[in-house]
Amino acid sequence: MDLKDTSKYLSLILRHKPEVIGIDLDEHGWANVDELIKGISKTHKLDMDILEEIVQTDNKQRYSFNEDKTLIRANQGHSIPVDVELEKQKPPKYLYHGTGEKFRASIDEQGLIPKGRLYVHLSSDIDTAINVGSRHGKPIVYRVWSGLMNEKGYEFYKSVNGVWLTKEVPTEYIKRETFDDKEIENVIQDINSILLKTELDDENEDDTSRADAILELDNVYSWEVLQQAMFKILLDDNRSEDDYYQMAVVIWYAILENKKRITNDQVLLKFKKKTIIGLLYYRLRHTDIAENLIWSITCELYHLDYCNSEYDPLKDEKIISKLEYYGINTQ
Ligand code: HQG
């Protein structure tokens, strides 16, 4: 039996059914470590060393000891009513919930409810939500307007392992993330009209206003769909250099905004970094005006030194092969 089995059993005991091994949790979810080891080791190989290893290496940091390691508890995920002293926190504007396609109809009707657990579990990025959703078959992801909910008085908690929790999410605060072409086409049309409108708008030299307006579209569509639309524009050979340039500005603003808003750079952009940098270079390499901009984007995404790097994206084998995948030959 490996650690994973023992860890799963541990989570059953600490979150749902301590009675299986004849122990109790206190009101804050703590179990006595000696009793726990004694109980679990009847069926699974477990001693203090193994338990410490499980707690330390758990990929989601599910468990915590108290200071002198005489007590242990699960950080979140309980179905039994314990108060793990969750920290109330102001959520970001959006959070995500991954689930199975089979629950879609019911969720669209009822909103998100905790089902067997004490809270609805949310994550700050889509990738995690997709992973969570995959546990229930074909995954789908809902975007949750958590910032707005919070303003309306709904409370949010963040567990020590970074999972966001809330009691419920009514339907008016969720929208399923879709990646279908029709929606992307709608976004492209909206972007087109922004690009066009301001271009006709006399000698409007203010580039920032167009990029801002495009970025604002993420109040209407999801940021992911917006990115797909921009990606399509960058892939389109028949666009003007100015269109490509505007996409670069939007990406730069998004990076800046994310820096302010979110510290975890995993959530920075949903583009594949290499593809997007390759595309920006491919489209804008001959324009003086974009040179600094695309170099700044590259440095931010790769954590490069602004002044010093010798890096040339269009000589990067990985980038070249990503672009080839999209039918672009950089040679
Ligand atoms: C769904 C894992 C129908 C909900 C993960 C979910 C997570 C509805 C399922 C943590 C519904 C409950 C929690 C409605 C919600 N109608 N279905 N109105 N509202 N549901 O396992 O969020 O590995 O209890 O979408 O990483 O999947 O255990 O919750 O699909 O953080 O540490 O009801 O469990 O962490 O399933 O997962 P779950 P979950 P651990």
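This is a predicted model: local features need pLDDT of at least 70, side-chain atom pairs count only at pLDDT 80 or more; totals for chains, interfaces and linings use all residues.

Cores. I looked up the largest nonpolar core and found 33 residues in it, with A229, M247, A248, L280 and L284 having the most contacts inside it. I then listed the helices that each supply at least two residues of this core, and they are α7 (181–200), α8 (207–216), α9 (223–235), α10 (241–261), α11 (273–284), α12 (288–302) and α13 (317–325). For L284 I set aside the neighbours within four places in sequence, which left contacts with Y244, Y245, A248, A290 and I294. I noted as well a second, separate core of 20 residues, which includes Y94, L122, F156 and L165.

Sheet. I traced an open sheet of four strands in the order β4-β8-β9-β6, with antiparallel pairing, and its edge strands are β4 (87–88) and β6 (120–122), each pairing on one side only. Between β6 and β9 (residues 164–166) I find three bridges in the antiparallel sense, and H121 stands opposite L165 in β9.

Ligand. Which residues come nearest to the ligand? Of the 19 around it, I find that these are T99, F103, S106, Q110 and H121. The elements giving two or more residues to this shell are β5 (95–100) and α4 (104–110), and α4 gives the most, with three residues. Sorting the shell by class, I get six nonpolar, eight polar and five charged residues.

How values were computed. Residues are numbered from 1 along each chain as its sequence is written. A residue is near a molecule or strand if its C-beta atom, placed from the backbone, lies within 6 Å of it. Ala, Val, Leu, Ile, Met, Phe, Trp, Tyr, Cys and Pro count as nonpolar, Asp, Glu, Lys and Arg as charged, and the others, Gly among them, as polar. A nonpolar core is a set of buried Ala, Val, Leu, Ile, Met, Phe, Trp, Tyr and Cys residues joined through C-beta atoms within 7 Å. A residue is buried if 20 or more other C-beta atoms lie within 10 Å of its own, exposed if 12 or fewer, and partly exposed in between; C-beta atoms are placed from the backbone. Two residues are in contact if their C-beta atoms, placed from the backbone, lie within 7 Å. Two strands pair if DSSP finds at least two bridges between them.
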